[in-house]
Structure formats: C-alpha cells, structure tokens
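Me: Got a model open here and want to talk through a few features. Can you help me read it?

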Amino acid sequence: MISKRTELTVGFFVALAIAAALLLAMRVANQGMAGSGEVYMLNAQFDNIGGLKPRSSVKVGGVVVGRVSRIYLNERDLIPVVELEISSEYKNTFPDTSSLSILTSGLLGEQFIGLQPGFIFPEDLIAIEEDKVCETEDLRECPYLTAGEEILDTKSALVLEDLIGQFLFSQGDE
Amino acid sequence: MNFLQSLGRSTIEKITAVGASSIMLFGALFAFPKWKNVGLTIAQVHVVGVQSLLIILVSGLFIGMVMALQGYTILVNYGAEGSLGPMVALSILRELGPVVTALLFAGRAGSALTAEIGLMKATEQLSSLEMMAVDPLRRVIAPRFWAGVISMPMLALIFSAVGILGGHIVGVDWLGVDAGSYWSIMQATVEWDKDIVNGVIIKSIVFALVVVWIALYKGYSCIPTSEGISKATTETVVFSSLSILGLDFVLTALMFGAN
C-alpha cells in the first residue's frame, strides 16, 4: 500500500528531525544541571539580594555547582532568605565556614551567587576520618555544609546607587 | 427581535460546531490503536510532513539569517555582538520556531487537508466509505490527525536547527562574530528543558493539535460545493493562524511569563 519511495522519504524526514534534535541538544542547549537529578538544599540570609532571581546560578570559582531555588522574606525580621539547591555531586565538599556573596557577571550581566569555600580545622578532619561524623544520622557535628544548613557568612549585592552615594559622601568630607 | 434571533442562532451554531468538532476529534483519537492504520498514518506523514519540508527549510534558513543580520546591527552598537548567538537561538527556539512553523504548516498542510477532505465529501467518497461499513473517522480523519501531530514537532525542530545554522552563516561567516562565542554563550544561555522542550516541542504539539483539528473539521463539515470547499479552506488558514497566535501568547505567558 505504501510505496518504497514514501517509506524512504518519511525515513529521511525522521532522520533529519532526529539530527536537528541532536544538534539542539549537543550544540545549542547546556546539559549542565538540567535534570541531573539529586540536589541538597542550603539556606542563607542576605541584607540585600539586588537582582538575584530564582534559577540564578551558584558558582565556585566560575564552576556552576547549583542554583537558587527560592527567595522569600524571613517573616520575623524581614530579611531576604535565599534557598540554594546544590548538586549532590558536591555533597560533603564545602566546609561550613564557606561564605556567599552576590556577584555580577560582567558590567551588565546577570547576578549570581559566588560560594567561597572555607577551611576545616585539622581536628575536624580527624573527626571525619575516625568518628565518621558525616556518615551518621545526626549531621550537626559534620564540618561540611549539609542539607538544610544555613550559611551565616554572606555578603550582599553591590547596589550601584549606594556605592555612588558613599563615594560622593567621602568626597564631601575632604 | 431580528437581532436577538440572529444572535441566538449564531450562538447555537457556534456551540454546535464546537460539539461536532469535539465528537469528530474523539472519534478520530480513539481510532489510533488500530495497528493496520499505522501504514495510513505513515503515508500521511509523507504528505503532511515531508512535503512541507522544503518550505520549512528555506524559511528557517532565511529567518535565522535575518535575525542574525538585524541582531548584529543593533548589538554591535553596544559592543555586545558576542551575544548574537543566544539572541538568535532564544528568539528562534522560544517564539519563531514553533510559531512560524505552525503558520506555514497551516498554510501548506492545513489548507491541503481541508481541501482534500472537502473534495472527498463533495464527491461522496466519505459516504461511500460509510456504505462499505468503513468508518471515515478511522480511515480518513485519524491517520491525518496523528500524522499532523507527529510531523509538526519534527518540522519545528528542523526549522529551529536550520535557523540557528543560518544565523551562524550570517553572523560568523559573513559578519565576523567569533564562532567560539557564538556557540558557547548560546550554550550557556539555552536550557534543554525550558527552552527546547517547552519552547519548541510542547508549543508545536499544541499548535499541531489545533491546526489539524481545525483543518480536518472544516473539511469534514464543509458545504459540499466548490464554493463551500474554497470557503472552508480559507477559514482553515484564517482560524488556525489566529488560534496559533492567540495560543502562543497564552503558552508564552505560562512558560516564560511567571517569575
């Protein structure tokens, strides 16, 4: 009923569509964090989040390790709280002395969170090795950032207006 | 009184049309599991998809080239011609790819479907099928419906890929944007699930459902005369173009508008 020629052209059409999808997947889209499954959550409070948005990236030295999942106001003291989802690939990687700052990529680029890894005391390293504090149910002793933990050391976004204001103010003193 | 009468009649007609087209759609949809109709569907993919390929390829190439040319002349003022890649890719993937493909599809394949089925009705082929106890919904409508729904996303993917390559031809090979930044900034910006699955695939499936539904119903319900067929064909193109543009706004608002 269907001629060989029809089958051939339909096959060619399907092959072309698959090639187009592959091109879009490989060359055009970033595979990155999309759909790569497992994440764990961290919280942080900032005085001012500037232009940070949900889905902004979290970078360590330029490498994307996670994304902002939610931004809301702490009901009690009205300080912005940012929820981060970090890829589980980086579980037990960042010490809980790490700090966060809101940075801008380029002059007009979008804002992202830079995570500056902290340090671990030698006695904590021994605790990790010997007492396996990061493999128990209760992770409070673990010196790494663990799911649900809050990062205390945060630096707000630079607001250009504030900077100019401070600059003019300091000029006025001289 | 006359006004009220005509208002009531046209309302009843509209609602009847919605009902009749839904019944036709259900009749066609639940006919798919018949495996012997798969061959018919493939033959229709050839008619609906493969024969639309040329217009899709050519318009995709030129739209990509125009996007790159227009984008470059504006971006170069700000020294931001490195952002040409994401600009071309995002506008093609999110909007132009699915929408232009659907508009071309409505003009190329939708009108042909309406005319074909309208002529089948005018020459009483559909009634003859019924006489032979063959359900025309299963035999004629269902394969065309599924062929359209299968072909549209593939055409939209091909359109987008060719458009981005066209942008590369003009932007990189002709105007001298750096090839590395064209691809790498594009890759950093475009997301598979948000821009390609949402933007191209889901949008074009929705558009395909609407276009094919309108085209088949207009053909199936047309007045079986030459004027009736020509009117039905025109209405297919007009209604499906309007619904594509209207639905595109709704889908864009749902996919990219929130947050």
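Me: What volume does the second largest pocket have?
Reply: About 590 Å³. Keep in mind that this is a predicted model.

Me: Which residues are closest to its centre?
Reply: B:A17, B:Y217, B:K218, B:E235 and B:F239. They belong to a lining of 20 residues.

Me: Which helices supply at least two residues of that lining?
Reply: In chain B, α1 (2–29), α8 (192–220) and α9 (226–257) each do.

Me: And which one gives the most?
Reply: α9(B), with 7 residues.

Me: How does the lining split by class?
Reply: The second largest pocket is lined by 11 nonpolar, 4 polar and 5 charged residues.

Me: New topic, the chain A and chain B contact. How many residues does each chain put in?
Reply: Chain A brings 22 residues and chain B brings 30.

Me: How much area is buried there?
Reply: About 2,300 Å² between chain A and chain B. Carbon and sulfur atoms give 77% of that.

Me: Which residues in chain A lose the most area to chain B?
Reply: A:F13, A:L24 and A:V28. Together they account for 27% of what the chain A side buries.

Me: What classes are on that side?
Reply: Where chain A touches chain B, there are 17 nonpolar, 3 polar and 2 charged residues.

Me: How many salt bridges between chain A and chain B?
Reply: The count is 0.

Me: And how many residue pairs in polar contact?
Reply: Between chain A and chain B, 2 residue pairs, both at pLDDT 80 or more.

Conventions: Residues numbered from 1 in each chain as written. Chains lettered and ligands numbered in written order. Predicted model: local features only at pLDDT ≥ 70, side-chain atom pairs only at ≥ 80, totals over all residues. Heavy atoms only, no water. Contact = heavy atoms within 4.5 Å. Buried area = accessible area lost by both parts, 1.4 Å probe. Salt bridge = Lys/Arg side-chain N within 4 Å of Asp/Glu carboxyl O. Polar contact = N/O pair within 3.5 Å; in protein donor to acceptor, adjacent residues only side chain to side chain. Nonpolar A, V, L, I, M, F, W, Y, C, P; charged D, E, K, R; others polar. 1 Å grid on protein atoms, 1.4 Å probe; cavity = no way out; pocket = protein on both sides within 12 Å on 5 of 7 lines; lining within 4 Å. Points joined across faces, edges and corners; volume = space filled by probe spheres on them. Helix = DSSP H or I, 4+ residues; strand = E, 2+ residues; numbered from the N terminus.
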